[in-house]
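Welcome! Open your viewer, get your selection tool ready, and follow along from stop to stop.

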Amino acid sequence: MLVSSGQLLAAVGRDANNQFYPVAWAVVQTENYDAWLWFIKKLKVDLKLEDGDGFTLISDRQKGLLNVVDQELPKVEHRMCARHIYGNLRRVYPGKDLPKKLYWAVAKSFNASEYNKAIDELKKFDEGVYEAVMQRNPRNCSRAFFGCKSSCEDVSNNFSESYNNAINKAREMPLVEMLETIRRQTMMRIDVRLKKAMKRQGKYTLKVANTIKEEELLRKYCQVIPCGNGQYEVLENKHGFKVDMNAKTCACRRWSMTGIPCRHVLRVILTKKHNPEDYVNCDWYLASTNVKIYSKSISAVNGIGFWIRSQEPRIQPPPREVTKVPSVIILEVVRLWELLVEGGRRRKLVKNQAKDKAKNQAKDKAKNQAKDKAKDLVKHQPKDQAMEWNE
Ligand SMILES: [Zn+2]
């Protein structure tokens, strides 16, 4: 993220309702290994990330950041942003109609079966595009290869884009004003979200309710075959999925990855007449967790006039560079300028004169035409009427 004299680094997270939560932001001189090392070390301490186990990080896997994450958070699941790869492909194939739907089917595959099917479709569409996708290692950005520890199904950092849009105006401001504006915006956001979180009725956030609603629409295509010991084979369009209610798993991996029951599990729950919310396997989505997330805000800060003055000399803006120009050149420039101005004036005068002449000519013409017309009218009128007009 570029600001006038440096880069704005930002860490954006997800709240319990799957909306973005600004965690930290800082301005560094340039985006390199040292800057990322400093930023990640601060995050590591503040968020108690330790070796990163159980956490998920999504980025464009820029080299400096990649090295720092490997070093500081060796156990974090570092995903590649699928949208970033897609943007990259569009640059490689500027005129080509990239199969957007097929590409995102690869990224959003929850399991190996869906992934292989999507990859085959992509290959069938265009061998070149397929090769380009494979070169970028889609395993780093496909759900089929993600772990399930963090209950995070994200394949792209779209929420970072939402954050960028939210602070867009602030980014055009001078440094201190920009940071102050972002801080105040964040305080207001936390306040609004807290009020919304407190209004939420029910055990879980809207994210859970919406996901269950979407999966329930697909439940009707499923058929359950019980196998005993809490296990079921669920057929969806004749394709079988093994559901284990005791282990809380389904072969489609949606239940394990998101913590929210998938269509296959919902089909089993329907036969038991149980409440789907009782099978949510993730406390992150609790409505009470969301209230907790927004219960703490940033402390209010006094205006700049209250800030402790440093004993160091005040930093002044750099002086404007004035290049000395020899007087002969100045005189020549002045002369040229005068000639240009004079030439412009003359051109304007000639133009105006031509305009006036054309205007007068048009006026005379119209006058003469009107006179001729009047004469003709009089000539062709009946005699008494012509008399009347002349009186
Ligand atoms: Zn399933």
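**Stop 1: a four-stranded sheet**

Start with the open sheet of four strands, whose order is β6-β7-β8-β9 with antiparallel pairing. Its edges are β6 (222-228) and β9 (249-250), each with a single partner strand, so one side of each has no neighbour in the sheet. Strands here are DSSP runs of E with at least two residues, helices are runs of H or I with at least four, and both are numbered from the N terminus. Two strands count as paired if DSSP finds at least two bridges between them.

A word on what you are viewing: this is a predicted model, in which local features need pLDDT of at least 70, side-chain atom pairs count only at pLDDT 80 or more, and totals for chains, interfaces and linings use all residues. Residues are numbered from 1 along each chain as its sequence is written.

**Stop 2: Val 243**

Now select Val 243, in strand β8 (residues 239-244). Is Val 243 buried or exposed? Val 243 counts as buried because 26 C-beta neighbours lie inside 10 Å. The cut-offs are 20 or more other C-beta atoms within 10 Å for buried, 12 or fewer for exposed, and in between for partly exposed, with C-beta atoms placed from the backbone.

β8 and β9 run antiparallel and are joined by two bridges; there, Val 243 stands opposite Cys 250 in β9. Beyond its neighbours within four places in sequence, Val 243 has contacts that include Tyr 232, Cys 250, His 264 and Val 268. A contact means that the C-beta atoms of two residues, placed from the backbone, lie within 7 Å. For contrast, select Leu 206: it is 37 residues from Val 243 in sequence and 25 Å away in space, C-alpha to C-alpha.

**Stop 3: an annotated span**

Colour residues 241-273, where UniProt, in an unreviewed entry, places the feature "domain: SWIM-type". UniProt positions follow the numbering used here, feature names are shortened, and annotations may be inferred rather than shown by experiment. The span is 45% helix and 18% strand, and its end C-alpha atoms lie 20 Å apart.

Next pick Thr 271 in helix α11 (residues 263-272). Thr 271 is exposed, with 10 other C-beta atoms within 10 Å. Its C-alpha atom is separated by 8.5 Å from that of Val 224, 47 residues apart along the chain.

**Stop 4: a loop residue**

Move to Asn 229, in the loop between β6 and β7 (231-236). Its phi is positive, about 55°, although Asn 229 is not a glycine. Most residues other than glycine have a negative phi. Asn 229 counts as exposed, with 9 C-beta neighbours inside 10 Å.

**Stop 5**

Select strands β4 (residues 56-59) and β5 (residues 77-80), which pair in the parallel sense over four bridges. Between them the chain passes through helix α2 (residues 63-72), and this β-α-β crossover is right-handed: with the strands pointing away from the viewer, the path from the first strand over the helix to the second runs clockwise.

**Stop 6**

Which residues of helix α4 (residues 100-107) are buried? They are Leu 102, Tyr 103, Val 106 and Ala 107. These residues cover an arc of only 145° around the axis, which puts them on the same side of α4; the arc is taken from the directions from the helix axis to the C-beta atoms. Lys 100 and Lys 101, on the other side of α4, are exposed.

**Last stop: confidence**

Finally, colour by pLDDT, the predictor's confidence in each residue, from 0 to 100. The protein chain averages 87, and 90% of the residues score at least 70. Over residues 381-391, pLDDT stays under 50. Where pLDDT is low, the predicted coordinates should not be read in detail.
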